[in-house]
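Please look at the sequence and the model before reading on. The paragraphs below lead you through it step by step.

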Protein chains: 2
Amino acid sequence: MMKDLPLSKVYQLLEPGPVVLLTTSRKGRANVMTMSWHMMVEFEPPLVACVVSKANHSFAALRATGECIIAIPALELAPKVVGVGNCSGRDLDKFAAFGLTPMPAKRVAPPLVAECFANLECKVADTRLVNRYNLFILEVLKAWRDPAQKNPKTVHHHGYGTFVADGETIKLKSKMR
Amino acid sequence: MMKDLPLSKVYQLLEPGPVVLLTTSRKGRANVMTMSWHMMVEFEPPLVACVVSKANHSFAALRATGECIIAIPALELAPKVVGVGNCSGRDLDKFAAFGLTPMPAKRVAPPLVAECFANLECKVADTRLVNRYNLFILEVLKAWRDPAQKNPKTVHHHGYGTFVADGETIKLKSKMR
């Protein structure tokens, strides 16, 4: 069960740099890829930059449709997330292959990933750096969070199959939003 | 003591989304800010995108000089890193105020931060998205790593003074670089 998440809180999910899934949909066929090159660009409405390589099957769908979902997996999903990153949607229905459940989104055509603790419905807002860097600016239109997944640990990619999971939480008096 | 780090390994430092310091230098005066909005854009030569708000004192220096250092602090520095983020170089010499040691860089004017376990010397490579999004594309010209800091834990910002430190490392068979 996904519940609404206020758009003002989206940056708290992406700013820490988790490995995420990105779903697209084209000609009635959904696909999912693994991504670590993303960052926040604006708080609200939330803007997110990401790099989707032309070598990824998802590139053409994202470019053509201008829509995607960023889905954030917790540690338990890491083996599936890596599996998704190791193959191409060119040859495979990755949702079926990895037992991930596509769920209808509200504002865009690509599906949410039911197993992820958060899902962000996005549309492409700026393509000026796509040709040169494969860099898309996305606007998050709607955000979802699964309240049943409490204190999810995210994973962070350090290259070549090495990942670090979230550890200790610390609080420091900060004026930084 | 900082040692050379091959440029091909830079993405392994930034891709996991650590809170970093960014130093600039203008008219002989160095400054340092705290930053979490950055991502990798290309492996080698390493390109990095980052957002430096016009509200930050560092913005004008970065824009005018086209040079900065991205310095990566370990967990032990977190209180200083948050302190740096809570004040402005407009009013303060933050290196002195927080006991951070500026060290000469090799390819750019802004200083390395001696206490950080890695330092990346950067020049601005693309400014097309600066006016609209405060988004700079940087090229990493030279990278340094302090071998005395072994297995440093980085910190990740979740908003409003909540940070998560690196936890468990996991290895999964990945074809992802």
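This is a predicted model: local features need pLDDT of at least 70, side-chain atom pairs count only at pLDDT 80 or more; totals for chains, interfaces and linings use all residues.

Residues are numbered from 1 along each chain as its sequence is written, and chains are lettered from A and ligands numbered from 1 in the order in which they are written.

The contact takes 48 residues from chain A and 48 residues from chain B, where two residues are in contact if their C-beta atoms, placed from the backbone, lie within 7 Å. On the side of chain B that touches chain A, the largest share, 10 residues, comes from strand S12 of chain B; helices (H or I, at least four residues) and strands (E, at least two) are DSSP runs, numbered from the N terminus. That side of chain B divides into 23 nonpolar, 16 polar and nine charged residues, with Ala, Val, Leu, Ile, Met, Phe, Trp, Tyr, Cys and Pro counted as nonpolar, Asp, Glu, Lys and Arg as charged, and the others, Gly among them, as polar.

S12(B) and strand S12 (residues 162–171) of chain A pair in the antiparallel sense over seven bridges, pairing being defined by at least two DSSP bridges between two strands. In this arrangement A:Thr162 stands opposite B:Lys171.

In helix H2 (residues 57–65) of chain A, the buried residues (20 or more other C-beta atoms within 10 Å of their own, with C-beta atoms placed from the backbone) are A:Ser58, A:Ala61 and A:Leu62. They lie on the same side of H2(A) because they cover an arc of only 100° around the axis, taken from the directions from the helix axis to the C-beta atoms. H2(A) is followed by A:Gly66, whose phi is positive, near 70°.

Definitions and conventions:
A residue is buried if 20 or more other C-beta atoms lie within 10 Å of its own, exposed if 12 or fewer, and partly exposed in between; C-beta atoms are placed from the backbone.
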